[in-house]
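This briefing is meant for a reader meeting the structure for the first time. It goes through the topics in turn, from sheets and domains to the ligand shell.

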Amino acid sequence: MSSVAVSFDEVVKAFGPVRVLHGVSFDLAPGHVVGLLGENGAGKSTLMKILSGYEAPTSGHVVIDGAPARFDGPRAAEARGIVMIHQEFALAEDLTIAQNVFLGHELQRGWWLDDRAMRAETARVLGLVGLDAAPDTPVRDLIVAEKQLVEIAKALQRDARVLVMDEPTATLTPGETERLFALIAQLKADGVTVVYISHKLDEIERITDDVVVMRDGRFVAREPTSALTRRQMANLMVGRELSDLYPDKDPAPRAAPLLRVRGLTVPGWARDVDFDVAPGEILGFAGLVGAGRTEMFEGLLGLRPHSVGVLELDGRPLRIRNPRDAARQGLTYLSEDRKGKGLHVRFGLAENLTLMALRRYATPWLDPSAERAALKAAVDEFGLRTGSLDIPASSLSGGNQQKLALAKVLHPDPRVVVLDEPTRGVDVGAKRDIYFLIQRLARAGKGVVVISSELVELIGICHRIVVMRAGAPQATLSADQLTEEALIAHATGIH
Ligand SMILES: Nc1ncnc2c1ncn2[C@@H]1O[C@H](COP(=O)(O)OP(=O)(O)OP(=O)(O)O)[C@@H](O)[C@H]1O
Ligand SMILES: [Mg+2]
């Protein structure tokens with residue numbers, strides 16, 4: 001099969017009165033891997049949804065093989081070989097993996113669904129992405145990374161000629177990421193055009209041939225990847241010279257612990273874990289996916305069954321049944337699963353922000369003007385970019401949803417905050433803002449726990465890092481011991 005030539009011709013998109021794409025024009029080189037860069041809210045996902053039939057342009061066209069195309073839905077785009085892997089998963093939780101892979105494309109034998117053929121084909125594409133799960137597994141039972149792999153497998157089953165990947169590795173392990181890169185190389189060799197959206201510039205550098213940069217709904221540059229350094233890419237995205245990503249570290253605090261945890265056990269995930277967080281301390285948790293970090297904190301917050309020997313905040317015992325309970329006592333948690341456990345995506349922005357601090361807005365009835373003022377303040381403080389304040393959280397761009405989730409957990413003004421993957425999906429400029437924000441929280445005397453799969457980020461901001469493997473801490477490294485090699489050695493156990 002030959003490559004498909006795609007270009008955008010003056011594409012405009014408005015949602016109600018708000019314009020988010022202002023006439024975007026560029027070509028996708030056929031058979032290339034094209035990196036699409038831009039800040040949170042720049043319009044990357046929206047443009048790609050137009051390409052793949054999920055949204056219609058307000059004006060302008062997608063041009064395919066020289067002729068303007070109009071898709072009335074994703075099926076029409078798929079018929080032309082254009083398939084998108086979404087940033088926010090679009091899987092049906094109640095269906096099995098195989099049912100999701102074939103949703104709307106069910107194979108039939110005569111009058112009947114050909115379940116056996118669909119299961120076999122599903123097993124094949126799961127093999128390609130390296131997901132070791134039975135095709136009959138309900139999607140609801142999968143963890144976030146596994147759902148991402150199902151999304152990719154589903155797209156591969158469609159035999160795309162143009163494949164859009166919207167931040168596919170945000171939730172993957174390094175091993176899964178490597179396998180995905182090998183797949184991309186194979187697709188490219190087969191002549192498939194791949195559009196790869198990511199905020200991880202090292203990935204962009206490694207696997208793309210060209211980069212296209214968007215800013216504020218406009219095209220700003222296209223260059224061969226090899227012609228740009230990562231810093232130049234970042235500067236093109238934000239439209240100015242970026243300064244250092246990490247703040248200078250403050251010395252480690254020596255105060256008595258603010259949060260004391262002894263003998264925390266979350267069955268199946270963590271055994272008998274002890275740790276302390278001091279006021280003003282930034283404590284990191286490193287480890288491979290599956291090391292039990294997220295599940296351990298979900299247990300601590302009452303989201304999973306758990307037992308704990310000692311749990312104290314400022315010398316007082318804590319009894320936590322659920323996250324709201326914890327928030328009342330001064331401990332909040334940013335979930336890595338922002339769409340599931342983090343935000344109520346169908347609710348508005350203000351409702352999301354104030355959910356954990358509702359009492360403050362009840363006088364005794366809810367005071368919408370106070371809620372709205374709080375939202376405006378959060379928009380400024382967190383650099384939340386949105387054309388309108390009156391949209392559901394689901395209409396924010398991915399990175400801006402992350403900023404809202406962060407604003408939400410800081411809104412009750414906690415003593416200790418646990419941040420699970422706080423910079424997932426956010427652009428370089430916003431990452432930097434979050435690192436400086438974390439430092440400000442610590443300087444204000446809060447205890448900050450950061451769980452992250454990005455080792456450089458943990459090394460950049462933490463005073464100490466606990467490395468976990470198979471549900472147990474392997475080592476706690478202090479500032480002078482923090483190197484990627486040391487962290488990897490403890491995380492993998494090849495010490
Ligand atoms: N359905 C919608 N209703 C209103 N506004 C929307 C809708 N969908 C997207 N937007 C807005 O369009 C703008 C562009 O969003 P888009 O998701 O394309 O950004 P992005 O470049 O993909 O960002 P990110 O890197 O954060 O994923 C944002 O301001 C977003 O809030
Ligand atoms: Mg996006």
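Two strands are said to pair if DSSP finds at least two bridges between them. By that rule, strand E13 (residues 259-266) and strand E14 pair in the antiparallel sense, with five bridges between them. The model described here is a predicted one, and its protein chain is assigned a domain 1 (6-238) and a domain 2 (259-492).

**The antiparallel sheet**

- E13 and E14 belong to an open sheet of four strands, which follow the order E14-E13-E16-E17 with antiparallel pairing.
- The edges of this sheet are formed by strand E14 (270-277) and strand E17 (316-317), each of which pairs on one side only.

- The centres of domain 1 and domain 2, taken over C-alpha atoms, are separated by 29 Å.
- Contact between the domains involves 17 residues of domain 1 and 19 residues of domain 2.
- On the side of domain 1 that touches domain 2, at least two residues each come from strand E2 (18-28), helix H5 (144-157) and helix H8 (230-238), and H8 gives the largest share, with three residues.
- Sorted by class, this side of domain 1 holds eight nonpolar, six polar and three charged residues.

**The shell around ligand 1**

- Ligand 1 lies between domain 1 (6-238) and domain 2 (259-492), because both of them give residues to the shell around it.
- There are 22 residues around ligand 1, and those that come nearest are Asn 40, Ser 45, Thr 46, Ser 397 and Gly 399.
- Two helices, H1 (44-51) and H14 (398-410), each supply at least two residues of this shell.
- By class, the shell is made up of 14 polar, five nonpolar and three charged residues.

- Strand E3 (residues 33-37) is mostly covered, since five of its five residues are buried.
- In a regular strand, side chains alternate between the two faces of the sheet.
- In E3 both faces are covered, with Val 33, Gly 35 and Leu 37 buried on one side and Val 34 and Leu 36 buried on the other.
- E3 pairs in the parallel sense with strand E10 (residues 193-197) over four bridges, and Leu 36 has Ile 197 of E10 as its bridge partner.
- E3 also runs parallel to strand E11 (residues 210-215), to which four bridges join it, and here Gly 35 stands opposite Val 211.

**Thr 193 in strand E10**

- Thr 193 has its place in strand E10, and because 20 or more other C-beta atoms within 10 Å make a residue buried, Thr 193 counts as buried with its 24.
- Although Thr 193 and Val 4 are 189 residues apart along the chain, their C-alpha atoms are separated by 7.6 Å.
- Beyond its neighbours within four places in sequence, Thr 193 is in contact with several residues, among them Ser 3, Val 4, Val 6, Leu 28, Pro 30, Arg 161 and Val 162.

**Helix H15**

- Helix H15 (residues 428-443) consists of 16 residues and reaches 23 Å from its first C-alpha to its last, which is close to the 22 Å expected at 1.5 Å a residue.
- The buried residues of H15 include Val 428, Ala 430, Lys 431, Arg 432, Ile 434 and Tyr 435.
- These and the other buried residues of H15 pack against H8, strand E15 (282-287), H14, strand E20 (447-451) and helix H16 (455-461).
- Just after H15, Gly 445 has a positive phi of about 90 degrees.

- Strand E20 is largely enclosed by the rest of the structure, because five of its five residues are buried.
- From E20, Gly 447, Val 449 and Ile 451 point one way while Val 448 and Val 450 point the other way, and all are buried.
- E15 and E20 pair in the parallel sense over four bridges, with Val 448 of E20 as the bridge partner of Ile 282.
- Strand E19 (residues 416-420) likewise runs parallel to E20 and is joined to it by five bridges, with Gly 447 of E20 as the bridge partner of Val 416.

Methods
Residues numbered from 1 in each chain as written. Chains lettered and ligands numbered in written order. Predicted model: local features only at pLDDT ≥ 70, side-chain atom pairs only at ≥ 80, totals over all residues. Near = placed C-beta within 6 Å. Nonpolar A, V, L, I, M, F, W, Y, C, P; charged D, E, K, R; others polar. Domains from an automatic or database assignment. Buried ≥ 20, exposed ≤ 12 C-beta atoms within 10 Å, placed from the backbone. Contact = placed C-beta atoms within 7 Å. Expected span 1.5 Å × (residues − 1).
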